[in-house]
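Me: I have a model open and want to learn how to read it. Walk me through it, one feature at a time.

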Amino acid sequence: MADLDRWIMRENRIYIMPTSNGGLYLAGIVVLILTASTYNNNLIFILAFFLFAVFFVSMLQTHYNLKGVRLQYIGAEEGFHGDRIGLNYYIVQKRPRTKKSLQVRSRSKTFVTLKQAREDMRPQEMMKAVRVEVRAFRRGVHKTPPVILETQYPLGLFRAWKVYRPEGEIIVYPAPQSGPALSPRAFDQGEQDQGLRTSPDGDFGELKNYFPGESYHQIAWKHYARTHELYTKVHWGAEDRHYVIPWAVANKQDVETYLEYMSGWIRKAVDENASFEMETALTSIHPGRGGEHARLCWRALAMVPPPSAGRKSKGAS
Amino acid sequence: MKADLRALTLPLIALVAFNLLPQLALRPAWSSVLCFIFLSYRTFLVYANLPVPPRWVIWLAQVVVGVAIWQHYHSIFGDEAAGTLLTLLTCLKTYELRNKRDYFVNSMLCYLVLMSNMLLDQSLILTIYVIADVVLIMAFLYALESETFSWKAMRGYLQPTFMLTFKAVPILVVCFVLFPRFSTGFGSGQQTVGKTGITDELKPGSISQLISSEELVFRANFLKGDVPLRRSLYWRGAILDRSNGLDWTREKTTERINPGYGANGGDQIEIFLEPGFEKFLFSLDSTRSISFPNDFNRSRITKKPGGTFELLAPIQNRERYFLDTAKEGEALLEQGDLARYLQTNEAPSAEMKKLLQTLKGKEQGQTVSNILSHFRGNGFEYSMEPPAAKSLDHFLFKTKIGFCEHYAASTATMLRYSNIPARVVVGFQGGNPSFLENYMSVRGQDAHAWVEYFDEAGKRWRRIDPTAQVNPARLALGSQTYMQNGESWLPNWIMDSNNAYFRARAVIDEFEASWIGFLVRFDLARQKELLAKFGMEETLFRALPVFLLLALVLILAVLYFLEAQKREKLSPEDRLYRDLLSTLNKWKIERKPADGPLTLMDKVRAIQPKMAVHVEPILEGLIEARFSNRPLNRDQMDSLSLQVRNLRKLSVPR
């Protein structure tokens with residue numbers, strides 16, 4: 001079906017059809033012609049033919065408004081299921097032309113367009129950045145949706161459109177839900193594998209091994225200058241807050257709901273500036289802290305295959 | 001995701017109001033008042049930022065409107081009833097503007113309202129109005145598509161509308177010429193009632209009421225020869241054959257004479273008859289036959305006893321027909337049954353008998369002459385506002401002041417009392433000749449009544465006009481001039497302004513006649529005639545849709561080509577900047593939308609450092625031209641232009 005769609009709707013080719021308003025307009029013209037014929041009224045014929053001529057010329061103008069305009073995919077933001085996710089594109093034109101009411105929207109069964117882009121282009125503008133906001137129907141790693149560049153300029157009687165199928169993926173994290181409380185795990189004496197060190201400066205309680213994604217502000221730069229080893233400073237009071245987010249889906253538990261709980265625990269850990277580690281059906285993520293680490297975890301959650309895609313989940317097995 | 005279209009509500013109300021302007025002249029006053037109320041209240045709601053009434057209120061208003069239409073017209077169908085209903089519903093539709101579609105539908109309704117007005121009027125003024133209205137509706141559609149509106153930006157909506165109109169004209173012309181005129185087979189389904197004009201009865205006052213009307217009845221275009229003298233043109237409408245003193249009517253008869261049809265080689269007169277004047281086809285007494293441009297109209301004509309022509313049904317549209325008349329204006333009236341032209345309902349009074357005795361001549365001709373002469377002198381006066389005459393005797397012996405109908409009716413009755421077959425003819429006399437062309441405009445004010453009697457000696461009907469005995473100037477000058485110089489119903493300020501009003505009207509009439517002529521003449525027959533001139537045979541006529549399609553494709557190709565050739569106006573510095581970007585693009589230096597010239601300069605330095613020396617002066621010059629208050633002079637611009645051109649020729653180091 002997708003191949004058929006691909007075959008019918010070729011990329012960057014202009015398609016044009018009357019809109020429903022155009023159909024209404026055409027019906028009006030038919031009424032005028034029938035009335036003119038019934039009453040043999042040439043003035044009404046003139047009006048009808050004029051409206052038809054406008055219909056005809058507007059078809060040409062709608063088509064031409066899209067000619068020479070292309071869409072370039074820049075990239076997509078990542079976001080939670082239920083949130084607005086921004087898709088960014090450039091509208092590019094080769095020749096200096098005025099293009100009006102160019103609209104961009106996604107066309108997908110996975111996403112719904114919440115805000116389509118609507119832009120005019122002046123002759124001196126070769127490209128213009130546009131942003132389309134979509135909402136995903138479910139979490140996961142989705143293919144970037146096909147996008148429609150369309151216009152109904154000048155009178156809204158015709159719709160001309162081009163289809164683009166940009167290559168890429170959009171990661172939609174499970175929506176964070178507050179689930180069962182997750183208690184922080186206190187550090188024990190033997191947890192040297194966490195990389196905890198005594199602060200050489202004595203300003204901070206501890207140092208621990210740096211993990212990518214952690215805030216640069218927390219890096220012990222003085223220590224790095226001396227040893228060329230990266231450590232993160234652990235403040236007193238925070239060092240004992242560490243969450244282990246387990247992959248423990250109960251037998252009859254809904255995986256999606258559990259993923260949302262996990263997403264919620266990650267957010268909680270980030271809010272508390274606690275370190276956390278996580279395990280999913282596919283992977284386990286080492287301890288870390290901060291926004292980038294959280295994104296890493298959320299991505300891992302997004303990648304967990306839905307239960308219907310094959311039950312590989314460890315917790316479920 | 002709904003656009004905020006509230007800014008378009010007021011313009012739409014203004015558009016609907018403009019669209020309803022002809023309504024003031026064409027529709028009943030109460031409907032105009034209702035429209036005004038609906039639109040005014042809607043405007044108030046917009047200004048006061050109040051919500052529209054609930055939907056049931058609008059439905060109720062629609063029902064009330066329907067009932068009012070029914071009360072007035074006893075139908076909701078038919079041109080006028082449906083047209084009035086449409087105008088009122090269009091006003092009510094302004095209360096139902098929830099989304100873009102509603103705005104669109106309302107503007108489409110404006111087109112239909114326009115159409116309904118065109119059914120009632122196709123004058124030049126309405127045509128000019130239609131052009132303005134269509135342009136405004138289209139400009140509104142432009143604004144609707146952009147989903148914004150600002151009164152200050154009206155030019156931005158009107159300019160593309162004019163361009164679109166300009167491009168649409170060739171297609172309009174091709175469609176108008178090539179679109180096959182077909183008949184839908186439907187009648188208009190309306191019983192037209194003569195609004196004003198000639199009827200088949202004559203009572204004192206019936207013509208004098210009509211004579212105050214300036215409404216056009218028909219135009220006569222004399223296709224061969226000059227326009228005859230005004231005094232010789234008696235346009236016969238109906239023959240009245242039943243005398244009742246001053247009142248004359250027409251005997252109900254089913255008798256029909258097969259009308260002569262087609263051209264018989266005589267002088268041709270082309271008549272453009274306006275709708276609303278019953279079913280009479282006005283003709284001269286020299287008419288031999290009558291014909292329509294399209295033969296399928298042949299069965300619609302009937303000839304009545306007395307030699308007048310009528311349509312079987314009242315006319316609803318402007319009609320065009322031809323009179324084939326005898327040369328030299330010779331009367332061609334058939335004798336018919338003379339007995340019916342001797343009937344009188346009442347016996348003459350003793351006073352009448354005495355008068356007739358004195359007027360009786362030795363021969364028939366002498367008697368006729370005496371009767372006519374009786375009106376000259378003897379205290380008879382011509383007036384457009386005569387005192388009420390209770391009877392023939394009252395007029396002849398007491399009031400002695402009358403209009404043409406008084407003199408025609410009394411003369412014909414006196415002739416019948418004298419045993420001379422006579423009848424009253426109602427129609428129009430004269431008309432106003434055109435300055436430029438060979439036609440006469442006949443208006444309500446030219447309405448007239450005269451008498452025909454049967455000349456036994458000559459065995460033919462002769463026309464006599466008793467009004468000429470009382471007031472010769474009325475016929476010699478024509479009603480319009482006569483009224484300008486003498487008694488007039490028009491206000492003095494118009495008459496005193498050196499007749500400017502009449503001159504202006506005559507000029508407008510010239511244009512109007514040409515326009516109406518064009519509109520009415522272009523029918524199936526004229527379409528065939530025109531295409532025959534281009535060598536298209538009758539057999540090819542059926543292929544018209546194919547030709548139409550081919551012509552449209554050809555126009556589409558031409559318009560597309562022209563569109564592709566169109567060059568947008570860029571300022572010189574913008575053009576140079578674009579050229580520069582195009583060259584840099586080839587060097588793999590890509591400009592992101594947010595990149596300004598300085599960022600671009602940095603990119604050049606980073607990616608093509610050796611070329612930076614060439615690019616920097618250009619960018620500096622362009623920055624100067626664009627952002628400084630001192631625009632570059634021509635030499636500086638030429639120098640920059642040369643540098644950009646040279647840049648393209650440089651080979652890029654890899």
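Me: How much of chain A is made up of buried residues?

Reply: A residue is buried if 20 or more other C-beta atoms lie within 10 Å of its own, exposed if 12 or fewer, and partly exposed in between, with C-beta atoms placed from the backbone. In chain A, buried residues make up 41% of the 317 residues. Keep in mind that this is a predicted model, where local features need pLDDT of at least 70, side-chain atom pairs count only at pLDDT 80 or more, and totals for chains, interfaces and linings use all residues. Residues are numbered from 1 along each chain as its sequence is written, while chains are lettered from A and ligands numbered from 1 in the order in which they are written.

Me: Does A:Ser263 count as buried or exposed?

Reply: A:Ser263 counts as buried because it has 25 C-beta neighbours inside 10 Å. It sits in helix H5 (residues 255-271) of chain A. Helices (H or I, at least four residues) and strands (E, at least two) are DSSP runs, numbered from the N terminus.

Me: Which residues does A:Ser263 touch?

Reply: Two residues are in contact if their C-beta atoms, placed from the backbone, lie within 7 Å. Leaving out residues up to four places away in sequence, A:Ser263 touches A:Tyr173, A:Pro174, A:Ala175, A:Pro176, A:Gln177, A:Trp298 and A:Leu301.

Me: How many helices and strands does chain A have?

Reply: Chain A has six helices and 18 strands. Of its contacts between residues at least 6 apart in sequence, 66% join residues at least 24 apart.

Me: On to chain B. What span should helix H8 have?

Reply: The expected span of a helix is 1.5 Å times one less than its number of residues. H8 of chain B (residues 154-178) has 25 residues, so it should span 36 Å; its end C-alpha atoms are 35 Å apart, which agrees.

Me: Where is the kink in H8(B)?

Reply: A bend is the angle between axes fitted to the seven residues ending at a residue and the seven starting there. In H8(B) the kink is about 35° and lies at B:Ala168, shortly before the proline B:Pro170. B:Ala168 is also one of the buried residues of H8(B), which include B:Leu164 and B:Ile171.

Me: What do those buried residues pack against?

Reply: Their partners come from both chains: helix H3 (42-66) of chain A, plus helix H7 (124-146) and helix H19 (544-565) of chain B.

Me: How many residues of chain B are in contact with chain A?

Reply: 50 residues of chain B are in contact with 48 residues of chain A. H6(B) gives the most to chain B's side, with 10 residues. That side has 35 nonpolar, seven polar and eight charged residues. Ala, Val, Leu, Ile, Met, Phe, Trp, Tyr, Cys and Pro count as nonpolar, Asp, Glu, Lys and Arg as charged, and the others, Gly among them, as polar.

Me: Now sheets. In what order do the four strands of the open sheet in chain B run?

Reply: Two strands pair if DSSP finds at least two bridges between them. The order is E3-E14-E17-E18, with antiparallel pairing. Strand E3 (234-240) and strand E18 (460-464) are the edge strands, each pairing on one side only. Strand E17 (residues 447-455) and E18(B) pair over five bridges. B:Phe454 has B:Trp461 in E18(B) as its bridge partner.
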